[in-house]
Structures are given as structure tokens and as C-alpha cells.
Amino acid sequence: MAYLLRSALTQSVSKTTRTMWMTVQRNMSSHKKETDEEFDQRWKTYFDRPNIDGWDIRQGINHMNRLDLIPEPEIISACLQACRRVNDHSLAVRYLEAIRYKSNAVSKQVWPWILQEIRPTLDKLGVSAPEDLGYDKPELALKSVDDM
């Protein structure tokens with residue numbers, strides 16, 4: 001008797017769960033796609049906030065570095081101005097190093113173009129480019145055996 005009750009209960013539960021799993025739907029892409037202009041404007045607005053602090057700047061930089069893109073020069077300039085507002089020169093230089101690394105992985109022509117576009121902002125803010133500080137050459141590198 002207990003066996004019949006258990007099998008009847010198991011069948012009713014399995015029928016219930018089976019129908020429940022068949023009716024579940026997940027809509028993953030219900031939000032609208034952001035255009036490039038909206039993306040650029042969102043990040044410029046983020047870095048242009050007057051009450052931004054160093055933690056928020058680092059959070060924005062880390063988020064953008066995780067994305068598979070190189071930011072536009074306008075976004076880079078807005079971030080550098082935010083770094084200057086909080087008086088964090090080292091953060092600005094490290095951000096430029098990260099952009100140089102990402103852009104050189106794509107093409108050797110991207111970083112000189114970005115540097116040319118943001119040079120007026122760098123000069124106005126007094127921020128040094130990584131090349132100006134000698135960060136483009138390794139400090140303690142040994143000579144290659146082939147060059148001796």
C-alpha cells in the first residue's frame with residue numbers, strides 16, 4: 001500500500017514539475033541597445049560630475065577597462081579633467097598607461113592618434129604622458145645578446 005501511495009505521489013509531483021519547467025521563459029535582451037553617441041555622452045557626464053571623488057573615478061576607469069573598447073579622446077579628456085579636479089596626477093598617468101597598452105595591442109597607429117587628440121588637454125592640465133616620464137622604455141632591461 002505504501003509503495004502505491006509513494007509511486008502515485010512521485011508521478012503527480014513529476015508531472016507538476018515537468019509542466020512548470022516547460023512554461024518558464026527568460027527574456028534576456030529586453031532593454032534597448034545604447035548607441036555610440038549615448039555611450040560617449042554617458043561617460044563624459046559621469047566624469048564631469050562636480051562631486052566626483054577618487055573612488056568614483058577609479059570605478060569608472062575599471063569599468064571601462066573591462067569593456068572591449070578603447071574610449072574616445074573626449075572621454076579620456078573628461079577622465080583626465082576629473083583626475084585633475086581631485087588632484088590625482090598618478091591616477092591620470094596610470095590611466096594613460098592602460099589606454100596605451102590597450103591601443104598598442106590593437107594597432108601601433110592608435111596610440112599616437114589618441115595622444116595627438118588629447119595633447120591640448122594634457123598641456124592645459126599639466127599631466128605628463130607616459131612617454132614624457134620614460135615609462136615607454138623598461139628601466140632595468142638588459143641588453144640583448146644579439147645587440148652586443
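What covers the buried residues of α5? Among the elements that do so are α3, α4 and α6 (110–125), and the paragraphs below lead up to that arrangement from the chain as a whole.

The structure is a predicted model, in which local features need pLDDT of at least 70 and side-chain atom pairs count only at pLDDT 80 or more, while totals for chains, interfaces and linings use all residues. Residues are numbered from 1 along each chain as its sequence is written, and side-chain values use heavy atoms, with hydrogens and water left out.

The chain holds six helices and zero strands, and along the sequence its pattern reads α-α-α-α-α-α; helices (H or I, at least four residues) and strands (E, at least two) are DSSP runs, numbered from the N terminus. Of the 148 residues in the chain, 28% are buried, where buried means under 20% relative accessible area, exposed means over 50%, and partly exposed lies in between, with a 1.4 Å probe and protein chains only. Contact means heavy atoms within 4.5 Å, and among the contacts in the chain with a separation of 6 or more, 64% join residues 24 or more positions apart.

Helix α2 (residues 36–47) packs with α4 at an angle of about 10°, their axes being 8 Å apart; axes are lines fitted to C-alpha atoms, for helices over the stretch in contact, and angles run from 0 to 180 degrees between N-to-C directions. The angle therefore makes α2 roughly parallel to α4, a term for angles under 35 degrees, whereas those over 145 count as roughly antiparallel, 65 to 115 as roughly perpendicular and the rest as oblique. On the α2 side the contact is made by F39, D40, W43, K44 and F47, and on the α4 side by E74, I75, A78, C79, A82 and R85. By class, the contact of α2 with α4 has seven nonpolar, no polar and four charged residues, with Ala, Val, Leu, Ile, Met, Phe, Trp, Tyr, Cys and Pro counted as nonpolar, Asp, Glu, Lys and Arg as charged, and the others, Gly among them, as polar.

In the loop between α4 and α5 stands N87, which has a positive phi of about 60° although it is not a glycine, and which counts as exposed because its relative accessibility is 59%.

Helix α5 (residues 89–106) brings the account back to the opening question. In α5, the buried residues are L91, A92, V93, Y95, L96, E97, I99, R100 and S103. The axes of α5 and α6 are 9 Å apart, and the helices pack at an angle of about 155°, so α5 is roughly antiparallel to α6. L96, I99, R100, S103 and N104 in α5 meet V110, W111, I114, I118 and L122 in α6, and this contact has seven nonpolar, two polar and one charged residues.

Conventions. Expected span 1.5 Å × (residues − 1).
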